[in-house]
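Here is a short report to read alongside the structure. Let's start with the overall fold and then look inside.

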Amino acid sequence: MKNSRRKFLQQTTLATAGLGLSGSLLANPFSGYQSFGTKDKINFGLIGCKGMGWSNMQAHLKLPNLTCVALADIDQRVLDERTKNVKDITGKAPKQYKDYRQMLENKDIDAVIIGTPDHWHCLNLVHALQAGKHVYVEKPLANSIEECNTMLKAAKKYNKIVQVGQWQRSGTHYDDAINYVKSGKLGNIRLVKCWAYIGWKDRLPHKPDSTPPPGVDYKMWLGPAPERPFNENRFHFTFRWFWDYAGGLMTDWGVHEIDIALYAMNAKAPKSVLASGGKLAYPNDAAETPDTLQTVYEFENFNLLWEHAVGIDGGNYGRNEGIAFIGNNGTLVVNRDGWEIIPEGDNIDGKFVPKVEEIALQKPEGNALEKHAANFVEAITTNDCSKLNCGIEPGSIAAINAHMGNIAYKTGKKLYWDSENESFDDDEANNLLKANYHNSWELPKI
């Protein structure tokens with residue numbers, strides 16, 4: 001089956017005639033949603049229901065005037081479990097779909113949440129936008145830089161509300177920390193450190209190939225990824241340690257931390273990037289992505305250092321994840337537990353005199369994921385994408401930088417980035433920018 005954009009439109013009858021949409025509505029896609037303010041419910045569908053997809057749906061279901069009317073997943077066991085979960089919460093069972101494209105034909109759905117593995121994000125998002133849905137898409141935005149750019153074009157073309165699941169953007173303590181960084185009190189910031197030390201992840205044991213579990217549409221799960229025999233290691237959750245579907249900790253955690261760092265520093269694309277690491281903790285386990293990695297990004301006036309390690313919890317400043325803005329006057333450290341200021345100072349007459357006031361740990365308030373969901377719904381109801389805490393552009397910036405780190409690691413070279421031409425100074429690296437689709441799936445042409 002040829003799954004190009006044209007074929008998708010034919011198969012799912014989302015052409016103008018099939019939807020019964022007038023030319024004026026297509027020209028102004030928001031016009032069909034002017035009734036949100038008085039509508040009894042905003043109807044959501046969920047694509048990819050097991051992990052973060054379900055966490056995101058739960059956060060949205062805590063909001064008033066919102067319901068889940070449809071679920072799409074390739075695993076019938078997951079569909080049945082989540083159908084019961086939704087019914088327990090809302091009192092009504094959602095419709096089930098094994099193929100998300102059929103779900104997108106449902107005209108009652110106003111918005112979708114995408115919680116699929118990374119290699120599906122681009123197709124899911126573009127098809128949802130073409131179907132006239134608003135989208136909340138899990139991070140990282142995509143599994144390649146080319147896909148990120150395609151998704152940016154699609155969001156601009158179809159003019160819908162798109163929130164990326166980098167929910168730290170909705171944590172008020174991150175706002176406070178970012179405002180402090182931008183105040184200039186830290187002095188000249190020459191280095192920003194971002195890190196994730198994941199002690200809970202042990203070695204991934206090798207498992208033999210097998211037949212897919214009953215009720216799993218494995219061919220659909222693979223989608224545009226290379227065709228391979230089913231292996232449990234490459235399936236639910238642990239897919240993220242294999243290049244076909246994801247980018248390891250660099251894209252899994254990196255987008256969260258790098259996003260906050262670049263936002264605070266008002267930076268987008270680096271001048272150069274280099275990376276070093278590998279499978280240093282568990283060299284013989286089944287995972288492909290590096291368990292240890294250091295990546296250095298060179299920006300105009302500062303360097304950004306990303307580092308990650310699995311099997312270790314002892315990260316910088318006693319935190320297993322976080323961001324540190326290191327300035328001449330002091331260091332601001334922020335993570336999901338709060339933020340604090342560690343001052344630099346001078347020894348004057350045997351006494352430490354700080355250059356900036358020490359600030360003890362400022363703890364977060366509320367649930368940032370739930371705030372992120374509420375922010376998405378507010379943007380929908382007001383038809384105003386400027387209200388989004390993490391729209392598709394910042395989502396793409398974080399994802400692109402994370403993928404740059406992986407490309408530098410794969411090539412083993414220091415790479416220089418040409419922002420004007422959106423390319424590296426190296427042919428091998430430029431080939432890794434691309435999305436390579438398989439199994440007759442095609443990258444959408446926008």
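## Contacts and fold

Two residues are in contact when they have heavy atoms within 4.5 Å of each other. With that in mind, this is a predicted model, and 69% of the contacts between residues at least 6 apart in sequence join residues at least 24 apart. The secondary structure of the protein comprises 15 helices and 18 strands.

## Overall dimensions

How does the radius of gyration fit with a compact globule? For 446 residues, such a globule would have a value near 22 Å, and the protein has 22 Å, so the two agree. Along the principal axes, the C-alpha atoms fill a box of roughly 80 × 50 × 45 Å.

## Surface and burial

Of the 446 residues, 57% count as buried, a term that here means under 20% relative accessible area. The accessible surface of the protein comes to about 19,100 Å², and carbon and sulfur atoms account for 47% of that surface.

Rolling a probe the size of a water molecule over the atoms shows where empty space is left.

Which residues line the largest cavity? The lining is made up of K201, W241, Y282, D285, A287, T289, P290, D291 and V310. By residue class, this lining divides into five nonpolar, one polar and three charged residues.

Notes
Residues numbered from 1 in each chain as written. Predicted model: local features only at pLDDT ≥ 70, side-chain atom pairs only at ≥ 80, totals over all residues. Heavy atoms only, no water. 1 Å grid on protein atoms, 1.4 Å probe; cavity = no way out; pocket = protein on both sides within 12 Å on 5 of 7 lines; lining within 4 Å. Nonpolar A, V, L, I, M, F, W, Y, C, P; charged D, E, K, R; others polar. Helix = DSSP H or I, 4+ residues; strand = E, 2+ residues; numbered from the N terminus. Rg over C-alpha atoms; globule rule 2.2 N^0.38 Å. Buried < 20%, exposed > 50% of the residue type's maximum accessible area, 1.4 Å probe, protein only. Areas by Shrake-Rupley, 256 points an atom, 1.4 Å probe, with all protein chains shown as cover.
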